[in-house]
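Welcome! Please take a moment to look over the sequence and the model before reading on.

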Amino acid sequence: MRILVRGLVSVALCSLVLLSEPVFGQEKGDEVVPKDDVALKVKDEVIETVGPDDVLQVEDVEGKWLWVKSPSGKQGWVKRDQVELNDDSAPPSPDDAAPPSPDVPQPPPVDPDGDRLYLIGALGGAHVYTTYAYIGVLADGLSKELYPDEQVIELLGEVSAVSESLIKNLEQVKRGELSPSDEAAVDDMIAIYQLLAQEAEAAAKFTKSRAVEDAERFDEIRTTVWPKISTLLGLDE
């Protein structure tokens with residue numbers, strides 16, 4: 001335990017030492033400017049007095065002292081905290097950088113809306129497929145009496161509710177600026193979700209009634225929606 005405590009104390013002491021030392025970015029080769037009028041010194045001798053308009057070249061670093069060269073060519077020591085980096089020598093920010101050469105091929109610009117639509121298409125396509133399969137599994141389980149009627153009706157109701165919610169969201173997507181092909185794809189997805197909701201409702205109705213006409217209605221919708229899903233996903237190509 002004492003080793004651990006000593007280790008923690010050592011880390012704490014090192015942190016205090018580091019925090020107590022002011023951090024300056026000046027290094028050999030940097031350009032700095034005085035914050036105010038300052039004297040370049042060698043021991044006690046003042047070599048030259050320079051001001052904020054003078055750009056100094058850092059030629060050596062020794063602790064808190066910088067060996068600099070003035071615009072007139074004179075050299076001397078100044079303290080680190082008496083100068084600051086010259087803004088003109090700092091690398092430009094991205095906003096200040098000029099465009100690259102037009103001769104160099106550039107990657108296509110990022111299109112957040114395009115990525116968003118691609119994601120909607122990918123997730124939407126996968127979801128309509130799994131929803132169609134899910135309704136089929138519930139109907140098959142019902143025919144084999146694997147699930148209680150109440151559970152099947154509840155699950156089919158959830159499918160209808162989710163489909164209706166997604167239709168509203170897709171209608172919101174249509175209000176954006178879409179290309180004709182993207183708008184047509186969104187319309188196709190809306191039509192498919194409408195049919196899936198109707199299919200789920202028909203299956204729930206048959207679960208309650210066991211009537212032949214309700215079973216035929218379910219089969220009719222299921223037969224209608226599959227080609228649309230297949231076309232949307234490119235499965236019929």
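This report goes from the overall layout to the strands and then to the cores.

## About the model

This is a predicted model, in which local features need pLDDT of at least 70, side-chain atom pairs count only at pLDDT 80 or more, and totals for chains, interfaces and linings use all residues. Residues are numbered from 1 along each chain as its sequence is written, and side-chain values use heavy atoms, with hydrogens and water left out.

## Overall layout

The protein has 5 helices and 7 strands; these are DSSP runs numbered from the N terminus (helices H or I, at least four residues; strands E, at least two). Along the sequence, their pattern reads α-β-β-β-β-β-β-β-α-α-α-α. Of the 237 residues, 26% count as buried (under 20% relative accessible area, with a 1.4 Å probe and protein chains only).

## Strand S1 and its partners

Strand S1 (residues 31-34) runs antiparallel to strand S4 (residues 56-62), joined by 2 bridges; strands pair if DSSP finds at least two bridges between them. Here glutamate 31 has glutamine 57 of S4 as its bridge partner.

S1 is also antiparallel to strand S7 (residues 83-85), with 3 bridges. Valine 32 stands opposite leucine 85 in S7.

## Two nonpolar cores

A nonpolar core is a set of buried Ala, Val, Leu, Ile, Met, Phe, Trp, Tyr and Cys residues joined through side-chain atoms within 4.5 Å. The largest one has 29 residues, and Ile135, Leu156, Tyr193, Leu196 and Val225 have the most contacts inside it. Helices H2 (112-143), H3 (149-174), H4 (180-209) and H5 (212-233) each supply at least two residues of this core, and H4 gives the most, with 11 residues.

A second, separate core of 10 residues includes Val32, Val38, Leu40 and Leu56.

Technical notes: Buried means under 20% relative accessible area, exposed over 50%, partly exposed in between (1.4 Å probe, protein chains only).
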